[in-house]
Amino acid sequence: MDFELAEDHRMLRDLVTRFVDDELMPLESAVLKREAQGGALGLSRAEHERLDQVSRALGLWGLDAPEDVGGADLPNVAMVAVNEALGRTITPYTLPPDSPNLRMLQATVTDRQKEAYLAPYVRGETISAIGISEPGAGADPSGMITRAVRDGDDWVINGRKIWISRAAEADFTILMAVTDREKGARGGISAFLVDRDSPGFHVVRLIPMVGGAVTYEVVLEDCRVPGWKLLGTEGQGFAPMQLRLGTRRLEMAAWSVGMAQRALDMMCGHAPQRVTFGQPLSERQAIQWWVADAATQIHAARLMTYDCAWKLDQGRDVRVEISMIKAFATEMAWTVIDHAMQAFGAMGMTKELPLQLMAAKIRAMRIYDGPTEVHKWVVARNLLGTRR
Ligand SMILES: Cc1cc2nc3c(=O)[nH]c(=O)nc-3n(C[C@H](O)[C@H](O)[C@H](O)COP(=O)(O)OP(=O)(O)OC[C@H]3O[C@@H](n4cnc5c(N)ncnc54)[C@H](O)[C@@H]3O)c2cc1C
């Protein structure tokens, strides 16, 4: 059993770490300042363009995209290393293209869709969103009621989606809709490529979320989608959607490890410096236990995440492992960040340190792409044999 990354993946991790240290970390104070003044968590156009330019020149685009559309086709273990490095910073930058929709497209596109959607997406020319959640169906997406009905060569979609990240900026949204009410999640839910300017696709509300994030509410009113934009097989949208969710959950586990490591590093830097009642905090058992528990749990989460990625690369079924790491790593990071904030005292409550944004980010991550309780339920029902 070899727990070391392959040499080329180690070199990639070091390159991404340098990119984070040299390019993303220096932007943190500006990002924090804007968010503290009530702005959204984001980058200016100039900042974004520079990051695009530098990361592209370093060869950091399309890392896990297929080679035939210009990607490097790296395995999941390499992407864990990349995402752990990226997780250390609160500067919101994604190396193009965002992996989850990439995986879903990769698994489903026709030749025509490959040329029109996948290839430009891999080249970083387009942004995408995913529309699954609805006011009445979140943790349980099988309860969705947005309906797609055939009309000649087209599909006509009616319904409402909510909490959709990037819906207003995305060039296209992968939209999930019911095509057969009887079958539901077992053969009755399909995926569609819906362009931002499609007739009947309305972004009706921007919803501010914790930590300066935003999501959107989208109404589909007789939204007409040409037949060739059905993604994958009619009625079989659920499996590629789960593939997409699995990719994000693996990323989230790796980000959580990176974020928790940063919080631990900050705590270890602060504790020896701060003297209370005649002794540095680092001499107090309460703080020592936070440090020891954090280091242990980060180590466990990191190994679990690599194990899951490796199994995925071997083509193994990792549905249970994905749920384990998504729940374990996000909850672990939440506790570690909370202890770091506590160790910093009032300074930990300021909007000058990144800790509060990390906490807000991880707070949302305990909900999206499946709340912790749902993932624990998935693990338990597999063990207990109660899976329906
Ligand atoms: C920042 C953010 C970004 C998002 N982006 C997107 C996006 O881009 N696209 C998209 O489609 N959706 C998105 N979502 C929606 C997200 O996926 C849902 O919020 C999530 O799946 C939970 O659904 P819900 O909010 O309706 O909660 P509900 O389904 O109402 O669940 C509420 C709570 O009930 C509990 N619960 C539910 N089921 C069980 C169970 N079986 N056992 C035990 N407890 C249970 C959990 O504690 C859960 O948190 C986003 C959400 C957030 C916060």
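**Contacts, rings and backbone**

Modeller: Let me start at the ligand, where a polar side-chain atom of E373 lies 2.8 Å from an oxygen atom of the ligand. Please keep in mind that this is a predicted model.

Biologist: Which side-chain N or O atom lies 2.9 Å from a nitrogen atom of the ligand?

Modeller: That atom belongs to S165. I130 brings a backbone N or O atom, also 2.9 Å from a ligand nitrogen. Taken alone the ligand exposes 980 Å², of which the protein buries 67%.

Biologist: Which elements give two or more residues to the shell around the ligand?

Modeller: Those are β1 (128-131), β3 (154-164) and α11 (372-384). The largest share, three residues, comes from α11. In total 18 residues surround the ligand, and the closest are I130, I132, S133, W163 and E373. By type, the shell divides into eleven nonpolar, five polar and two charged residues.

Biologist: Let's turn to the rings. How many aromatic pairs does the structure hold?

Modeller: There are five aromatic pairs. One of them is formed by Y117 and F172, with 5.0 Å centre to centre and 75° between the planes.

Biologist: What does the pair of Y117 and F172 tie together?

Modeller: Y117 lies in helix α6 (residues 111-122) and F172 in strand β4 (residues 172-178), so the pair ties together parts that are 55 residues apart in sequence. Y117, Y121, F172 and W228 form one aromatic cluster.

Biologist: How do you know whether Y117 and F172 are buried or exposed?

Modeller: Buried means under 20% relative accessible area. Y117 has 6% and F172 has 2%, so Y117 counts as buried and F172 does too.

Biologist: What makes R381 a charge over the ring of W377?

Modeller: For Arg, CZ has to be within 6 Å of the ring centre and within 35 degrees of the ring normal. R381 lies over the face of W377 at 4.3 Å from the ring centre. R363 lies over the face of W334, at 5.6 Å from the ring centre. Both distances are within 6 Å, so the distance test is passed in each case.

Biologist: And the backbone: where is the cis peptide bond?

Modeller: The cis bond joins P96 and P97, with omega about -10°. P97 lies in the loop between α4 (76-87) and α5 (99-108).

Biologist: Why is D73 called partly exposed?

Modeller: The label covers values between 20% and 50%; D73 has 42%, so it counts as partly exposed. D73 sits in the loop between α3 (45-57) and α4, with a positive phi of about 55° although it is not a glycine.

Methods. Residues numbered from 1 in each chain as written. Predicted model: local features only at pLDDT ≥ 70, side-chain atom pairs only at ≥ 80, totals over all residues. Heavy atoms only, no water. Near = heavy atom within 4 Å. Polar contact = N/O pair within 3.5 Å; in protein donor to acceptor, adjacent residues only side chain to side chain. Areas by Shrake-Rupley, 256 points an atom, 1.4 Å probe, with all protein chains shown as cover. Helix = DSSP H or I, 4+ residues; strand = E, 2+ residues; numbered from the N terminus. Nonpolar A, V, L, I, M, F, W, Y, C, P; charged D, E, K, R; others polar. Phe/Tyr/Trp six-rings, centres within 6.5 Å; stacked < 30°, edge-to-face > 60°. Buried < 20%, exposed > 50% of the residue type's maximum accessible area, 1.4 Å probe, protein only.
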